[in-house]
Amino acid sequence: MSPTADVRPNGAYQQNDRSNLIPFSSRLKEGRALAQDVWSIYNAANLPQDCINLGQGYMNFPPPEWIKDAAGEALNAVATNHYSHPKGRIRLRQALKDHYSPQLGRELDVESEILVTSGANEGEYSVFVAFLEQGDEVILFEPFFDQYLPSVTFNGGTPVYVPLHPPSHSGPHSSSEWSIDFDELRRAITPRTKMIVVNTPHNPVGKVFQRHELEKIAALAEEHNLLIMSDEVYDSLVFDDNEHVRIATLPGMWDRTVTVGSAGKMFAATGWRVGWLIGPASIIMPTLAATTRIVFCSNSPLQEATAVGVEQANKRGFLRQQRDEYAERRAILTSGFDKLGMKYTNPQGSYFVLLDISSVKWPEEYPFPQSVEGRGRDFKACWFIAMEIGVSSIPVSEFYCEEHTAIGENYARFAFCKDVVTLRAAVERLQSLKKYLA
């Protein structure tokens with residue numbers, strides 16, 4: 001008998017509430033998929049209409065014209081409007097081979113070492129599908145990109161958290177100063193550990209992992225036979241002559257590393273959902289089997305347009321120009337924080353700045369919504385700044401486990417992947433935050 005039924009005297013029963021007849025899977029709870037997340041709390045619909053959105057990491061400017069033109073040409077062709085091979089369109093795989101082979105120090109095989117996916121996130125999910133057994137542990141460096149958690153738990157994995165530690169000194173600092181405690185990392189490894197996720201340049205810290213750090217991670221991976229997922233979607237946005245080291249190039253690491261890339265980040269086209277995985281056939285081919293059953297193939301015309309982008313990016317000097325433009329945007333935003341006298345993390349890469357909001361004070365009786373109650377202090381700070389200053393950001397404690405929330409709740413993430421007019425307007429508004437600083 002249905003638990004939602006009422007029994008009548010004659011033994012018959014009638015349904016009352018039919019809104020939840022079929023129980024959903026517990027994995028949705030384990031992966032925080034049902035929780036009200038930061039993206040829904042700080043959604044534009046919940047904020048003042050004129051609030052400037054520096055919270056979400058999407059651009060308010062289009063991809064370059066020559067890439068959009070390539071997309072239009074692909075849409076007007078016949079073949080590119082139909083299924084592509086599950087590995088990805090050959091033109092894109094060839095372009096990725098030509099682009100990445102010199103950086104990885106090896107001649108890539110387009111048939112077995114490159115896989116095009118429906119965005120970097122789907123590629124990562126497919127790796128988890130292909131390699132995780134029930135109870136396998138995956139080490140995540142905190143703060144972590146929030147999609148990692150459900151991708152791990154949905155596939156039977158158990159996340160294990162190792163925090164990056166922020167510097168303790170006052171004043172502005174570099175993202176390089178967020179450090180790994182390698183004793184802590186070693187203690188996190190157990191006989192059930194299967195994988196370590198490395199994100200460099202890092203979202204949201206902006207840290208570009210240094211060679212000596214990656215070498216220590218690599219040594220642990222070799223010692224314990226671990227798979228490394230290296231999320232490098234911001235690889236084209238590394239500033240100040242910092243070296244972007246690919247962990248797959250370190251001795252012995254090619255055979256156990258899958259490198260993740262993204263057209264959305266490379267070409268300001270986050271809605272295209274075109275990503276890629278690069279690695280040995282032993283990783284790529286099982287992942288191909290998974291992605292083929294998840295999406296079968298990725299968007300054909302936008303794969304073709306991405307191929308044109310990858311083919312021409314360096315020839316046109318696009319990646320260098322784009323990096324310089326992002327560096328200018330970063331400078332506009334951080335100059336505003338300097339004027340306020342607030343501490344922040346200056347990112348070596350990506351397009352995020354972490355602002356220390358521990359000094360922000362608000363009236364004791366300020367009317368916060370229920371959605372931010374009982375969460376990290378940063379949730380209230382970000383809500384207050386959005387409502388009273390008119391600039392939205394994202395609370396960083398969302399990217400931590402409950403045990404480590406205290407590390408993240410001192411920070412708000414501001415995105416500078418916006419045009420300079422928007423950033424200057426945001427900086428001007430942020431100056432009124434001064435009266436709320438302790």
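This is a predicted model: local features need pLDDT of at least 70, side-chain atom pairs count only at pLDDT 80 or more; totals for chains, interfaces and linings use all residues.
Local features are reported at pLDDT of at least 70 and side-chain atom pairs at pLDDT 80 or more, whereas totals for chains, interfaces and linings use all residues. Residues are numbered from 1 along each chain as its sequence is written, and side-chain values rest on heavy atoms, with hydrogens and water left out.

Helices and strands are DSSP runs numbered from the N terminus, a helix being H or I over at least four residues and a strand being E over at least two. Two strands count as paired if DSSP finds at least two bridges between them. On this basis, eight strands form an open sheet with mixed pairing, in the order β4-β12-β11-β10-β9-β5-β6-β8. Its edges are β4 (114-117) and β8; each has a single partner strand, so one side of each is left without a neighbour in the sheet.

Within this sheet, β5 and β9 run parallel and are joined by four bridges, with T193 of β9 as the bridge partner of E137. On to β10, the pairing of β9 is again in the parallel sense, over five bridges, and V198 stands opposite S230 in β10. Strand β10 in turn is joined to β11 (residues 257-262) by four bridges, also in parallel; here M229 faces V258 of β11. Burial is defined by relative accessible area with a 1.4 Å probe on protein chains only: under 20% is buried, over 50% exposed, and in between partly exposed. By that criterion six of the seven residues of β9 are buried.

Helix α8 (residues 211-224) lies across β5, β8, β9 and β10, at about 165 degrees to β9. Such angles run from 0 to 180 degrees between N-to-C directions, the axes being lines fitted to C-alpha atoms, for helices over the stretch in contact. The 14 residues of α8 reach 20 Å from the first C-alpha to the last, close to the 20 Å expected at 1.5 Å a residue; the expected span is 1.5 Å times one less than the number of residues. The buried residues in α8 are E213, L214, I217, A218, L220 and A221. Seen down the helix axis, they fall within an arc of 160 degrees, so they line one face of α8; the arc is that of the directions from the axis to the C-beta atoms. Contact means heavy atoms within 4.5 Å, and the elements covering these residues include β5 (137-142), β8 (179-180), α7 (182-188), β9 (193-199) and β10 (227-231). After α8 comes N225, which has a positive phi near 55 degrees.

A further open sheet has five strands in the order β7-β13-β14-β17-β16, again with mixed pairing. At its edges stand β7 (173-174) and β16 (394-395), each with a single partner strand, so one side of each lacks a neighbour in the sheet. Strands β14 (residues 352-356) and β17 (residues 411-415) run antiparallel and are joined by five bridges, with V353 opposite F414 in β17. Helix α12 (residues 318-340) packs on this sheet and touches β13 (344-346), β14 and β17, its direction making about 150 degrees with that of β13.

A disulfide is a pair of cysteine sulfur atoms within 2.5 Å, and the structure holds zero of them. For C51, the nearest cysteine sulfur is that of C382, 11 Å away; C51 counts as buried because its relative accessibility is 17%. For C417, the nearest is that of C51, 15 Å away, and C417 is buried at 0% relative accessibility.
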